[in-house]
Amino acid sequence: MAEQNLRARVEQALADLRPALAMDGGDVELVAIADGVVQVRLMGACSGCPMAAMTLVGFVEERLKSQIPEIRGVESV
């Protein structure tokens with residue numbers, strides 16, 4: 001139950017981020033959550049973008065950690 005709740009909270013947080021990513025033609029998809037690390041796939045214009053790493057850490061990870069304190073990190077897969 002707690003795992004489903006965490007997944008739902010992460011999905012909601014990612015949904016809140018999507019409009020900002022979509023402004024630049026990008027998107028993000030939740031792949032998995034394991035040991036407090038959220039695995040995501042950057043899509044659209046974000047996929048292969050030179051700024052993808054900065055977007056992942058400086059935007060996606062920062063927002064997720066601020067909204068969901070039990071998240072330890074975010075990685076792209």
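Predicted model: local features only at pLDDT ≥ 70, side-chain atom pairs only at ≥ 80, totals over all residues.
The secondary structure consists of 2 helices and 3 strands. In sequence order, these elements are arranged as α-β-β-α-β. The C-alpha trace extends over about 35 × 20 × 20 Å along its principal axes. The radius of gyration of the protein chain is 12 Å, which agrees with the value near 11 Å that a compact globule of 77 residues would have. Of the contacts with a separation of 6 or more, 48% are made between residues 24 or more positions apart.

Of the 77 residues, 32% are buried. The chain exposes about 4,600 Å² of surface, and 54% of this area is supplied by carbon and sulfur atoms. The charged side chains comprise 7 positive and 11 negative ones. The centres of these two sets lie 2 Å apart.

The interior was examined next. In soluble globular proteins, nonpolar side chains tend to be buried together. In this model, the largest nonpolar core contains 20 residues, and those with the most contacts inside it are Val10, Leu14, Val38, Leu64 and Val74. Two or more residues each are given to this core by α1 (2-22), β1 (26-34), β2 (37-44) and α2 (52-67). The most is given by α1, with 6 residues.

Val10 belongs to helix α1. Its relative accessible area is 0%, and Val10 therefore counts as buried. Beyond its neighbours within four places in sequence, Val10 is in contact with Leu30, Ile33, Val38, Leu64, Ile68 and Ile71. Val10 and Lys65 are 55 residues apart along the chain, and their C-alpha atoms are separated by 9.8 Å.

Val38 touches Val10, Leu30, Ala32, Ile33, Leu64, Ile71, Gly73, Val74 and Glu75, when residues up to four places away in sequence are not counted.

Val74 is placed in strand β3, which covers residues 73-76. Because its relative accessible area is 9%, below the 20% limit, Val74 is classed as buried. With neighbours within four places left aside, its contacts are Val38, Val40, Leu56, Val60, Glu61 and Leu64. The C-alpha atoms of Val74 and Val57 are 7.2 Å apart in space, and the two residues are 17 residues apart in sequence.

Ala52 is found in helix α2. Ala52 has a relative accessibility of 16% and so counts as buried, the limit being under 20%. Apart from residues up to four places away in sequence, Ala52 touches Leu42 and Cys46. Ala52 and Ala20 are 32 residues apart in sequence, and the distance between their C-alpha atoms is 14 Å.

The loop between β1 and β2 contains Asp35. Most residues other than glycine have a negative phi. In Asp35, however, phi is near 55°, a positive value in a residue other than glycine. Asp35 has a relative accessible area of 68% and is therefore exposed, the limit for this class being over 50%.

Key. Residues numbered from 1 in each chain as written. Heavy atoms only, no water. Helix = DSSP H or I, 4+ residues; strand = E, 2+ residues; numbered from the N terminus. Rg over C-alpha atoms; globule rule 2.2 N^0.38 Å. Buried < 20%, exposed > 50% of the residue type's maximum accessible area, 1.4 Å probe, protein only. Contact = heavy atoms within 4.5 Å. Areas by Shrake-Rupley, 256 points an atom, 1.4 Å probe, with all protein chains shown as cover. Lys, Arg positive; Asp, Glu negative; His and termini not counted. Charge placed at Lys NZ, Arg CZ, Asp CG, Glu CD. Core = buried A, V, L, I, M, F, W, Y, C linked by side-chain atoms within 4.5 Å.
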